[in-house]
Amino acid sequence: MKVRIGLGIAGAIALALAVPAQAHHSFSAMFDSAKPVRLVGKLTKIEWTNPHSYFYVEVKNGRGELVNWACEGAGPGALSRRGFKKGDIKLGDTLIVDGYLAKSGAKIVDARRVTLPDGRVVNGGTPGDGGPGDPTAAPAGKAG
């Protein structure tokens with residue numbers, strides 16, 4: 001009985017450690033650098049979480065319908081070091097997001113540049129993810 005409980009606890013710990021690891025990913029695992037996009041819309045939700053923060057903007061599509069897009073950014077610590085804090089935006093604000101579309105076709109973009117309501121432009125990318133503008137990325141044409 002003690003062995004089963006011990007194995008159960010060990011399994012639970014392993015699962016708890018594995019889940020956060022799956023949440024963090026490289027740029028190329030999820031996004032397509034050949035598909036840049038600019039979104040201009042109203043902020044509808046903010047998730048200031050690790051390892052990626054998410055904010056959601058409501059954008060009019062080509063048919064005039066409102067579509068909610070998820071914009072993935074770096075974690076709160078990285079964004080804060082760049083001068084982008086949660087208090088800089090509030091629901092209803094208009095944001096400009098320059099990023100890259102998800103490979104899956106889902107309404108998710110990698111938010112590489114975000115223009116805040118006060119006109120400041122911040123880098124929203126995750127440090128070290130290998131995406132466009134990441135100083136740790138391999139030079140074009142070189143495998144990393």
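Which residues are linked with R38 in a network of salt bridges? R38, D98 and R113 are the ones joined up that way, and we'll come back to them below.

## The model and its ground rules

This is a predicted model, where local features need pLDDT of at least 70 and side-chain atom pairs count only at pLDDT 80 or more, while totals for chains, interfaces and linings use all residues. Residues are numbered from 1 along each chain as its sequence is written, and side-chain values use heavy atoms, leaving out hydrogens and water.

## Overall layout

The protein chain has three helices and six strands. Read from the N terminus, the order is α-α-β-β-β-α-β-β-β. Helices here are DSSP runs of H or I with at least four residues, strands are runs of E with at least two, and numbering starts from the N terminus.

Of the 144 residues, 33% count as buried. Buried means under 20% relative accessible area, exposed means over 50%, and partly exposed is in between (1.4 Å probe, protein chains only). The chain exposes about 8600 Å², with carbon and sulfur atoms supplying 59% of that; the areas come from the Shrake-Rupley method with a 1.4 Å probe, and for residues only the protein chains shown count as cover. As for contacts (heavy atoms within 4.5 Å), 55% of those between residues at least 6 apart in sequence join residues at least 24 apart.

The rule takes rings of Phe, Tyr and Trp (its six-membered ring) with centres within 6.5 Å; planes under 30 degrees apart are stacked, over 60 edge-to-face, and the rest tilted. W48 and F84 have ring centres 5.4 Å apart and planes at 75 degrees, so they pair edge-to-face. W48 sits in the loop between β1 (31–47) and β2 (53–60), and F84 in the loop between α3 (76–81) and β4 (94–102), so this pair ties together parts 36 residues apart in sequence. W48 is partly exposed at 22% relative accessible area, whereas F84 is buried at 1%.

F84 also pairs with F55: their ring centres are 6.5 Å apart with planes at 70 degrees, so this pair is edge-to-face too. F55 belongs to strand β2 and F84 to the loop between α3 and β4, so parts 29 residues apart in sequence are tied together. Both F55 and F84 are buried, and W48, F55 and F84 form one aromatic cluster.

## A charge over a ring and a cis proline

The charged end of K45 sits over the ring of Y56, 5.4 Å from the ring centre. That label needs NZ of Lys or CZ of Arg within 6 Å of the ring centre and within 35 degrees of the ring normal.

In the loop between β1 and β2 we find P51, joined to N50 by a cis peptide bond with omega about 0 degrees. Most peptide bonds are trans.

## Salt bridges

The structure holds eight salt bridges, each a side-chain nitrogen of Lys or Arg within 4 Å of a carboxyl oxygen of Asp or Glu. One of them joins D98 and R38 at 2.7 Å, N to O. D98 lies in strand β4 and R38 in strand β1, so the bridge ties together parts 60 residues apart in sequence. D98 is buried at 16% relative accessibility, while R38 is exposed at 51%.

K90 and D93 meet at 3.0 Å, N to O; K90 is exposed at 54% and D93 buried at 11%. In the bridge between R112 and D110 (2.9 Å, N to O), R112 is buried at 8% and D110 is buried at 1%.
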